[in-house]
Amino acid sequence: MSAARHSASENVLEAQGVTMIFGGLTALNNVSISLGEGRIVGLIGPNGAGKTTLFNCLTGLYTPTRGAVRLRGKQLPSDPAKVTSAGVARTFQNIRLFPNMTVLENVLVGRHIRMKQGPIASVFHGPGFRKGEAAAKQKSMELLEFVGLRGLEHEVARNLPYGDQRRLEIARALATEPEVLLLDEPTAGMNPQETEAARQLIFRIRDIGVSVVVIEHDTKFIFSLCDTVSVLVQGEVLVEGSPSTVRDDPRVIEAYLGKPREEVEAEVAEAAAAIEHHREDS
Amino acid sequence: MSRLNGLIPAALARPFTAIGGVLFLIAAMLPWATFILNDGAYPEKSTLQFFDAPFELTGFRWHLLLFGLLALIVTFAPIPGKNRVLGALGWGGGLIGAVGAAFIAGKGGGIGAITAADGTIAMGSIVAIVAGALLKIGSAATGPGDIPEWPTSLFGWTGMKQRLEAWVYLLVAFAGVLWLVAQTLTAGGIGGAAFPYAGPVFIAFLGFAGGLLGALHGIGLTRWVSQLSEKHRPFSIVVLLLCAFALPFPFTGAGSQYWMQVAATIGVYAATAIGLNIVVGLSGLLDLGYVAFMGIGAFVAANLSGVAASALGWNLPFPLAALIAAVVAGILGAIVGSPTLRVRGDYLAIVTLAFGEIFSRAAQNDIGDLTGGASAMPGIPPVSMFGTAFNEPINLLGAELPSGVLYYFMIVLVVALVMAVFANLKNSRMGRAWIAIREDEDAARAMGIRTGKAKILAFLVGATLAGLAGAIFVHKLGTASYDSFKFLESVTLLAAVILGGMGTIPGAVLGASLLFVLPEKLREFSDYRLFVFGLALVLIMRFRPQGLVPDRIRRAEFAGETAEGKSIEAVEEQAVLEQEQSEREPGAPAGPKEGRS
């Protein structure tokens, strides 16, 4: 990224002051994150902190109540299909493959928006159609090779082992040729070996020029993977910074592990005293 | 059935199947034997047309005899996949017996006739049922076993020789298919007052055909043939078309005017069912008013073909009228499909149901003077091309072909066209988008698919094909009546798609054939027709929810995924096991099988 560009376009993806209110519940409150070119940004936080809600705002599944999401300075539309066309792809927390399609077909669906054949060409299968199909298949096979699923392309997706399903979901997302890839808990349910393989895969994804945002509970994984980490607690960004800064921040420890015992005890005593006081008054 | 697995010790498997085979032979010969032993008149009440020649081995008894011999041979010969073969024979023979028993109990001498004394044939039927059960249990004792793989060339040939060898096999196989189709079509003869036995004979024949196909599948033959035909696709398509065109010729026995008419009707519904399969099978959109599009095509074509009852008074040549009918139906399909942007699942079904009902009521009341109302639109001229009216008999290749055969030929071509459209769409960017929407709509949108547009397109294509089929339908029939396009027809088409197997061409064709040939055959049961349909559907959903010709298994087989002959259940079980294993892996913070919202 050259320094000549103005600041807004230095970041590939930028969320500014995103607020998401469901009825009376404020799921996200004035959240801002930014993703630099070729960076890996981690998003951690306790359950219910609003991580997936933020992802849904970034991918157009939700329209933020306030705030804006920009890709290279351009506001993203609030339609998942258009967001994907614009260059933001995602995976899901609970794997959402097309279970009864083959591995190759799953990736080919990812190629959908980068293919041009219309309905008429689809009916007649002319030479142009076949060329496009062959190119899409080749690209898909390259992606399967990339994530390490080569040789399983004709397997039905639901028959794949769990870790392979995760990788297939990533290959499918990469098939849309994204600039930004959003991974929602990519290592959930994985053993240490699989987690390490996933880490290497994410590095390689970054190396081919895709910027990555990762949601993960596994803090060790996040700290060894990301360039910057944002901690989301109760819908707000608590801390943002390099892994080492975030790791040592007492507020993060508090959010994850709770307060030190003495402090909690003191608070409880204080509350008890207040109740006692209230009783005496009445 | 897995529940039968291990019901008896493995050591008893062979005795069971052997006894089953012997009992089939006894069942086949019992009527004859009692007749001889009693030295009396053949009991008239229990005499069915298909049993009435005690000394001849025809129909029912010939089939049972064959199954019995096969069961004995398979039991003692070293044949791979024998358990599947025996199981299929058990099912088929049991069904033949059950049909005979049910018919004699109901229409013969009553329930009391099921004794050796006054209902010898019923006795034979009971024996056949028992034999079928024994075979089924015996074959399940040691598990279904693997379906054997056959080499592409049985002689290890390669290149041109291998190709020629495969062509010979395919020719033989498709000739067999032609024979089976002709036999099935004509089994039991023409039903009605003249011949009340058509229904039972037909169903018994289905039992025979099913048992035979199941046995062939068990030894891996059907899979081998389908692999060969997949490999030599163009050749197979040409031969299949030739076989379809050969059906009316005298040597098949199906070449009468009546059977041609039945076959043409089946063809029309098969084409419509394939169109519906795009909407329901590929895109997963439940459409309960689909037949309305067929009706729209039918009435548009009727109005454009110079019918006296039409207010338009146009008289266009058939191809043009059919084209316009298809286009109009397609446009209306897109309009009806647009609410699908907003509603999903059950709600969509209700919207389409309402549309179908609106169409049928509007047509009944002749809104806009376009449908003729309750008096219908009679007098639609027959299709006439190249100076030949399609309802005239013709002379082709030295054979005198009955009237209506030209319609049959046209419909064969249309069905082939519709199949090609379906297959091409399915294996394209659009088809994959539809399947993706069916599988997981949110994930499909996350892949950039404009789901709204794709759904409307599915409705449009499906309705266009239905409109085309409707145009042919009314020209063949000569009358366009709202009565042909009611809710029941929609349901039957949907049942055909589900019964045959969603998303496959052979499934839709098989389903349509069964559901539209059965009423023809079961005329004397017309009061129970819907009951039988419902029962059949419930049973299919219980025992074979993927349909008769399922999609994924076939595909997986071609890809070599279940090449070891594993059943898909086994593969699924394994997948579940693996998932559970990964759940139990240390360091897994969340279970992988979290429920989807």
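This briefing walks through chain A, its two domains and one helix pair in chain B. The model is predicted, so local features need pLDDT of at least 70 and side-chain atom pairs count only at pLDDT 80 or more, while totals for chains, interfaces and linings use all residues. Residues are numbered from 1 along each chain as its sequence is written, and chains are lettered from A in the order in which they are written.

**Chain A overall**

- Chain A holds eleven helices and ten strands; helices (H or I, at least four residues) and strands (E, at least two) are DSSP runs, numbered from the N terminus.
- Its C-alpha trace spans about 90 × 40 × 40 Å along the principal axes.
- Of the 282 residues of chain A, 46% count as buried (20 or more other C-beta atoms within 10 Å of the residue's own; exposed is 12 or fewer, partly exposed is in between, with C-beta atoms placed from the backbone).
- Among contacts in chain A with a separation of 6 or more, 67% link residues 24 or more positions apart; a contact means that C-beta atoms, placed from the backbone, lie within 7 Å.

**Two domains in chain A**

- Domain 1 of chain A covers 8–87 + 178–248, and domain 2 covers 100–176; these bounds come from an automatic or database domain assignment.
- Taken over C-alpha atoms, the centres of the two domains are 26 Å apart.
- Each domain gives nine residues to the contact.
- On the domain 1 side, helix H2 (80–86) and helix H7 (192–207) of chain A are the elements that give two or more residues.
- That side has five nonpolar, three polar and one charged residues (Ala, Val, Leu, Ile, Met, Phe, Trp, Tyr, Cys and Pro count as nonpolar, Asp, Glu, Lys and Arg as charged, and the others, Gly among them, as polar).

**Two positive phi values to look at**

- A:Asn30, in strand S2 (residues 25–36) of chain A, has a positive phi near 55° without being a glycine.
- A:Asn30 is partly exposed, with 14 other C-beta atoms within 10 Å.
- A:Gln234 lies in the loop between strand S9 (228–233) and strand S10 (236–241) of chain A, and its phi is about 50°, again positive in a non-glycine residue.
- A:Gln234 is partly exposed too, with 15 other C-beta atoms within 10 Å.

**A helix pair in chain B**

- Helix H9 (residues 257–282) and helix H16 (residues 451–477) of chain B pack at about 170°, their axes 8 Å apart; axes are lines fitted to C-alpha atoms, for helices over the stretch in contact, and angles run from 0 to 180 degrees between N-to-C directions.
- H9(B) and H16(B) are therefore roughly antiparallel (over 145 degrees).
- Among the residues that meet are B:Ala264, B:Val268 and B:Leu282 in H9(B), and B:Phe459, B:Leu465 and B:Lys476 in H16(B).
- By class, this contact has 16 nonpolar, three polar and one charged residues.

Technical notes:
Angles under 35 degrees count as roughly parallel, over 145 as roughly antiparallel, 65 to 115 as roughly perpendicular and the rest as oblique. Two residues are in contact if their C-beta atoms, placed from the backbone, lie within 7 Å.
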